[in-house]
Amino acid sequence: MSADQVTLTIDGKEITVPKGTLIIRAAEQVGVEIPRFCDHPYLEPAGACRQCYVQIEGQPKLATSCTVAVAPGMVVETQNTSEAVRQAQVANLEFLLLNHPLDCPVCDRGGECPLQDQALAFGPSESRFTEAKRTFPKPVPMSPLIGLDRERCVLCARCTRFCDEISGDRFLELYARGAGERVSIAAGEDLRSPFSGNVVQICPVGALTATPYRFVARPFDLTSADTVCRHCSAGCSVRVDQRRGEVVRVLARENPDVNDAWICDKGRFAFGHDDAAGRLTTPLVRDRGLEPTSFGEALTAVADACRGARVGVIAGGRLLDEDAYALSKLARTVLRTNDLDHRRAAYGGAAERTAATGAGAVTYRDVEHAAVIVVVGLDAEQEVPILHLRLRKAAARGARIVVVVARRTRLHDVAEHVLVRPGAEAAALAAIVAGTDAQGVGAALAAAGEKGLVVAGARLAEHDGAADAALTVARTHGARFAWVARRAGDHGSLRAGVHPGFGPGGRRLDVADERAELEAVWGPVMVEGPGRDAIEILRAAANHELDVLYLIGVDPLRDAPDAALSRRALQNVPTVIVQSLELGDLEPYAGVFLPAASFLEREGHVSDWEGRSQRVLPLRAGAGISRPDWEIFAGLAAACGGDLGFDTLEQLHAEMARLWIPREGVVDAAAITPPTLPDGMTLTTYPLLIDEGRMSAGADELKAALGEPAFAEMHPSDASAHGLADGLGVRLRTAAGEAVVPLRVTEHVAAGTVFVPFNQPGLAANTLLSGTFTTAVEVAPADADAFATVGGDAS
Amino acid sequence: MAVFEGVVLEDARTILGRYPEAHQRSAIMPLLYLAQSIEGMVGREALREIGELLGITTAEVEAVASFYSMYRLLPTGEHLVTVCTNLSCKLRGAEVVYEAAREAAGILHGEELSPDGLFTVHEEECLGVCDFAPAVQFNVCNHDNVTPGRMRELIAALRDGEVPTPARGPAFGSFKAASRALAGLEEVPAS
Amino acid sequence: MTIDLEPRLTRNWSDPNAIGLEGYVAAGGYAGLRQALGMAEVDIVEQVKASGLRGRGGAGFPTGMKWGFVPRDTGKPTYVVVNFDESEPGTCNNRELVEREPHRLLEGTAIAALAIGCETAYIYIRGEYLWQSIVLERAIAEAYAGGYLGLDVCDSGKRVDVVLHRGAGAYICGEETALLNSLEGLRGQPRLRPPFPAVEGLFASPTVINNVETLMNVPDIITRGVEWFRAVGTEKSPGTKMVTISGKVERPGNYEIPLGTPFRAVLEELGGGILGGRALKAWTPGGSSTPMLTADHVDTGLDYESLAAAGSLLGTAAIMVLDDTDCVVDCAQRMVAFYAHESCGKCTPCREGSWWATRVLERLEDGYGRSEDLPLMHDMGTNILFRAFCALADGTASVINSSLAHFADEYEDHVRLGRCPLREAPVGVEVAG
């Protein structure tokens with residue numbers, strides 16, 4: 001037996017577990033559930049509730065099994081074999097119930113409450129407590145999302161430890177002491193954390209409840225099903241609870257490979273989108289107006305428009321792996337176009353293509369166990385929240401984290417930040433490559449070996465050379481490299497080659513042997529590469545160089561970094577095909593609408609940022625006559641007189657597997673040539689977690705808790721140089737437009753930078769952009785009352 | 001900042017200087033005393049500002065402030081009268097002394113603060129003067145073997161603006177002054 | 001007199017100049033520090049080990065052994081933390097020791113620092129000891145000026161800084177890990193062990209935490225030696241002990257005794273007997289958290305072993321004396337109320353148990369007791385003792401269990417009479433039986 005294993009006896013059963021295992025967990029492995037309230041497998045041991053007593057042979061006192069690690073030869077008796085233990089647990093339960101109200105029938109936790117279960121299982125039938133119970137005003141709002149009933153609280157400190165140890169958002173604390181101890185927030189402060197819902201889920205009683213679920217359902221009313229969250233590329237395991245076919249609650253499922261036991265508040269509370277009023281489930285074809293029709297007629301209309309036409313295809317971030325694969329093949333073999341893209345920015349270079357090969361993937365566990373991590377071009381808390389938690393976990397385990405960004409992230413308490421102007425990332429990374437950076441990051445990475453990581457956000461693709469520079473940092477210092485795109489479908493679309501430069505597995509159409517690999521599976525590919533990227537497709541459409549614009553789960557008016565260009569493209573292209581859950585603002589332009597099945601109604605796989613491909617199953621029947629995207633693509637191929645070669649998912653999988661296996665082999669990175677930055681201020685933008693995005697539609701409490709109106713951030717030195725002050729208005733003028741927003745003066749942004757969030761209420765930042773997410777900007781003081789977009793090309 | 005500004009901010013920096021740079025949070029307790037010396041209690045704004053000075057949330061500061069009984073989070077009299085009623089003092093008649101203090105200070109039933117704002121009378125746990133029980137503190141200065149009569153005299157003296165001489169050490173003329181000494185900011189010449 | 005002791009810790013108490021540096025040095029002060037500066041660290045530790053000095057804060061752990069646990073190869077600084085939180089009801093000897101001779105504490109602290117290679121020592125003093133903290137501040141300033149503390153202690157090239165940190169009213173901070181949390185600016189709730197403070201204490205660094213009286217014994221152990229130290233006290237409890245005697249005695253106060261002195265001698269010779277010549281009813285040997293004893297135990301020796309044999313503990317050697325006019329239920333209620341007030345709230349049996357017990361005892365004392373309350377109190381004591389996160393709750397259980405064990409009749413009388421038998425019956429109430 002290895003020295004890392006320990007053998008002990010629990011209730012007469014011998015078991016061998018890893019050294020350091022707590023007794024309470026070892027007991028689970030022999031099928032003994034020791035009752036507990038404060039213990040949580042992902043929180044540090046507390047020993048606070050004292051419910052989990054066991055008897056350890058040779059020890060005079062009972063021990064709490066949640067705080068004591070196993071030892072060789074240890075003999076443990078639980079409540080199943082020791083009367084003393086059982087008596088102690090009953091006695092402790094009596095203490096816990098003294099002040100607990102008898103309101104189970106109206107408690108949201110009723111029916112799924114550990115305290116209720118314990119009390120029913122072996123609590124006393126009558127209380128010996130005859131004094132008055134402690135009372136508190138209730139429920140007390142902790143935020144628009146979370147309510148607290150202090151009378152139900154058993155002070156296990158799971159919630160406060162979560163805020164302290166896991167999220168680092170320490171707004172929830174234990175106040176006072178003794179019998180007066182209570183969970184609280186500070187007056188005037190909210191539990192403002194994108195992870196706040198987790199405290200509700202881990203509360204072992206009904207003390208913390210979620211406002212959106214308050215009094216909505218009882219456990220026996222619910223139909224539960226497991227799936228994967230589709231809000232970002234984190235790939236969190238979730239359970240979706242539906243009541244009469246409507247989603248009423250989303251919970252985190254434990255998955256130590258991915259999300260531990262946590263999900264973010266967007267994943268938890270933004271579940272109304274699929275059931276929103278704008279959902280369309282019938283194909284539409286424009287006659288006089290948009291008229292409902294059959295799928296067959298709609299697909300024929302699309303096929304007619306595409307026949308011999310110049311087609312540009314833009315996909316959003318919502319596709320499953322199978323959809324992306326089918327689309328990649330459809331474009332190259334049927335629609336004869338390489339004008340195909342899903343990305344928000346085009347300079348992904350070798351970094352992106354390395355990720356597309358699927359080789360050398362980095363995992364959450366790698367992050368957790370890393371020694372040195374360079375995070376660049378990523379605001380993990382806002383973009384991939386569960387990766388943010390994993391980075392914090394790595395820091396807690398001693399990892400050194402260096403974040404190279406234009407705007408400081410919420411890792412600030414556990415990581416070093418190197419703030420650089422947008423566009424200066426490549427220069428900063430070049431210094432790390434050369435070993436000339438002030439932080440000595442390169443040497444630290446080299447020393448860390450396999451435990452060195454470079455985690456690069458796909459936003460680096462906004463700046464020529466930055467992504468390749470990040471890859472070169474990893475290569476130079478022997479670190480591993482992760483390319484993190486934000487949206488749930490991004491990684492699958494990259495692997496599938498929904499990309500103008502390459503097909504599945506990063507295979508380029510203009511490199512003979514790579515093209516040959518594709519044709520060996522697909523047959524003849526009808527196009528030469530490379531094609532246009534997303535913004536070039538819009539430009540071509542605006543310039544009358546395309547006949548058909550095929551938009552799949554994307555709305556360029558909202559998503560593309562140039563609102564005016566998007567509008568011209570939609571106006572000028574003869575045919576716009578929209579394949580989505582809804583039409584939204586595209587309604588005036590759409591020639592054909594193809595209703596897609598929603599994520600909840602789908603079977604398939606979704607690849608998270610790691611490249612982990614997780615299967616999802618339909619949680620409910622499809623709505624109307626909507627179809628999975630891949631089926632629409634297959635149908636369209638047939639309508640065009642072609643054949644994608646698969647009619648079932650099994651057939652699709654069999655073919656896709658041949659091109660999906662990771663391709664080893666180094667993709668050369670370009671030499672780093674840091675761009676020269678223009679003089680003056682640079683505006684940059686990215687979406688915050690909770691914004692006006694479609695996926696958060698209807699999540700009103702979520703927005704009330706975590707949303708915020710548009711703002712701009714500038715460094716104090718820039719603010720004073722321009723006569724600007726915190727809280728006052730700033731007028732932002734770019735080549736594309738003009739806006740006035742309230743200014744935050746903060747050292748959290750790099751000097752020379754103006755940060756505006758991409759899509760908060762009050763400003764759609766793409767009205768200020770001209771094709772990239774970064775642009776030159778002039779700033780000037782403005783009347784604070786005039787917060788609004790005052791300009792912008794809306795022609 | 002409204003509480004920690006000017007010389008008070010300098011005092012706060014002095015306090016922060018007592019602790020290692022990586023462990024500035026240790027300064028939270030003396031900073032709370034400093035806030036109390038300015039406002040006669042620890043108010044919400046002070047809690048927030050201490051959080052700002054230490055880089056922690058207001059909730060974290062309040063969690064600490066509410067744990068310890070010597071931080072007053074509610075309006076407090078100019079003079080804080082604490083009467084130990086723990087066993088050694090109880091055996092020597094402390095409960096009567098406590099009642100005498102409340103009566104002399106004119107404190108209403110269920111309150112701790114006298115309506116004139118002059119006195120807060122607080123029943124306290126063991127003050128560590130069991131050898132001279134009943135033990136009483138006026139503004140954290142000890143008075144030994146206090147009888148109900150002596151208690152009435154002490155309160156009357158303070159009402160008249162006198163500061164009674166404690167059993168040991170210097171007298172602090174108000175709760176605020178005592179709080180400043182508790183923050184370690186009293187001038188202490190080497191004797 | 002049975003107590004015949006040449007005073008040690010109290011030998012300069014009659015000298016008002018001992019409070020200042022000059023007086024302390026004139027009386028031989030800081031010789032121990034000078035001597036320790038010439039010793040190897042390990043030799044200091046060994047000498048304290050050999051002396052058999054045990055921690056005076058209550059637990060009685062061998063001091064030298066505690067120092068020996070500190071690892072020196074962690075690359076982290078080491079810390080000495082002085083536990084001057086003296087908050088156990090009935091205890092006030094540390095207060096007087098420091099009031100009268102503060103430099104002895106600084107000297108002992110500096111020697112402890114030398115023994116474990118510590119450059120910064122913290123003295124955690126309870127907030128209510130404001131005057132004593134000023135005494136210490138002055139002494140620290142003097143010691144720095146005199147070269148006994150600071151960058152270059154007595155020109156040895158060694159550095160010892162002393163930082164004073166005031167508590168703010170929390171008994172639990174006498175528990176050493178709670179004290180560390182408090183010193184780090186957190187709520188004073190105890191920490192899980194392991195890791196033990198010797199390995200991961202203050203600022204996650206190796207730390208020795210010692211009581212005031214313990215450290216004040218150290219200078220003499222260095223200068224006068226092990227044999228001198230062991231000449232007083234018992235084999236397992238060598239040296240002297242400061243006791244506080246309070247409550248119903250003629251001369252309450254702090255006294256220094258050889259460990260092992262019978263309680264009767266302390267009560268009669270030092271305390272002057274029971275106040276007003278009344279009869280002894282009950283007493284706590286080591287503060288309110290140690291099980292109370294009765295007149296039957298009057299000949300018990302005051303040392304770790306003898307008191308354990310009698311079913312109690314030496315604790316802080318704080319003797320609180322009840323006479324025959326005092327109601328045990330009333331006193332137990334007040335003591336348990338203290339533990340309820342001081343419970344940190346972290347764990348269930350302490351937080352809920354002490355709160356409940358306070359209320360039941362209050363009811364009993366007020367005459368609303370029921371016959372089922374006695375078995376209930378008994379259960380509560382059982383269900384609290386050794387079940388809580390730290391030892392604070394054991395104080396609650398000690399009061400309940402020992403008062404029930406020795407004074408069950410008095411509890412029963414409260415229930416039977418519907419009032420406290422030691423209070424006069426209200427007019428109009430008929431006294432039964």
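Student: Which residues are buried in helix 7 of chain C?
Tutor: This is a predicted model, to start with. In helix 7 of chain C the buried residues are Leu130(C), Trp131(C), Gln132(C), Ser133(C), Ile134(C), Val135(C), Leu136(C), Glu137(C), Ala139(C), Ile140(C), Glu142(C) and Ala143(C).

Student: What does that say about helix 7 of chain C as a whole?
Tutor: Helix 7 of chain C is largely enclosed by the rest of the structure, because 12 of its 16 residues are buried.

Student: How far does helix 7 of chain C reach from its first C-alpha to its last?
Tutor: The reach is 23 Å, for residues 130-145. That is close to the 22 Å expected at 1.5 Å a residue.

Student: And what comes just after helix 7 of chain C?
Tutor: Gly147(C) does, with a positive phi of about 80°.

Student: New topic. How many residues of chain C are in contact with chain B?
Tutor: On the chain C side, 62 residues. They touch 49 residues of chain B.

Student: How much area do chain C and chain B bury between them?
Tutor: About 4500 Å². Carbon and sulfur atoms account for 60% of it.

Student: How many salt bridges and polar contacts cross over?
Tutor: The rule finds four salt bridges between chain C and chain B. It also finds 24 residue pairs in polar contact across that interface.

Student: Which element gives the largest share of the chain C side?
Tutor: Helix 13 of chain C, residues 328-342. It contributes eight residues to the side that touches chain B.

Student: What's the split by class on that side of chain C?
Tutor: There are 28 nonpolar, 17 polar and 17 charged residues.

Student: Which residue does Asp131(B) meet in a salt bridge?
Tutor: Arg95(C), at 3.0 Å from N to O.

Student: Now salt bridges in general. How many over all chains?
Tutor: The structure holds 110. One of them joins Arg170(A) and Asp413(A), at 3.8 Å from N to O.

Student: Why does the Arg170(A) and Asp413(A) pair tie together parts that are apart in sequence?
Tutor: Because Arg170(A) lies in the loop between helix 4 and strand 8 of chain A, and Asp413(A) in the loop between strand 19 and strand 20 of chain A. Those parts are 243 residues apart in sequence. Asp413(A) is partly exposed, at 34% relative accessible area.

Student: What about Asp629(A): buried or exposed?
Tutor: Asp629(A) is buried, with a relative accessible area of 0%. Its side chain meets Arg318(A) in a salt bridge, 3.4 Å from N to O. Asp629(A) lies in helix 21 of chain A and Arg318(A) in the loop between strand 16 and helix 8, so the pair ties together parts 311 residues apart in sequence. Arg318(A) counts as partly exposed, at 23%.

Student: Last one. Which residue does Arg733(A) form a salt bridge with?
Tutor: Glu778(A), with the closest N and O atoms 3.9 Å apart. Arg733(A) lies in strand 30 and Glu778(A) in strand 35 of chain A, so the pair ties together parts 45 residues apart in sequence. Arg733(A) is partly exposed at 37% relative accessibility, while Glu778(A) is exposed at 52%.

Key
Residues numbered from 1 in each chain as written. Chains lettered and ligands numbered in written order. Predicted model: local features only at pLDDT ≥ 70, side-chain atom pairs only at ≥ 80, totals over all residues. Heavy atoms only, no water. Contact = heavy atoms within 4.5 Å. Buried area = accessible area lost by both parts, 1.4 Å probe. Polar contact = N/O pair within 3.5 Å; in protein donor to acceptor, adjacent residues only side chain to side chain. Helix = DSSP H or I, 4+ residues; strand = E, 2+ residues; numbered from the N terminus. Nonpolar A, V, L, I, M, F, W, Y, C, P; charged D, E, K, R; others polar. Expected span 1.5 Å × (residues − 1). Buried < 20%, exposed > 50% of the residue type's maximum accessible area, 1.4 Å probe, protein only.
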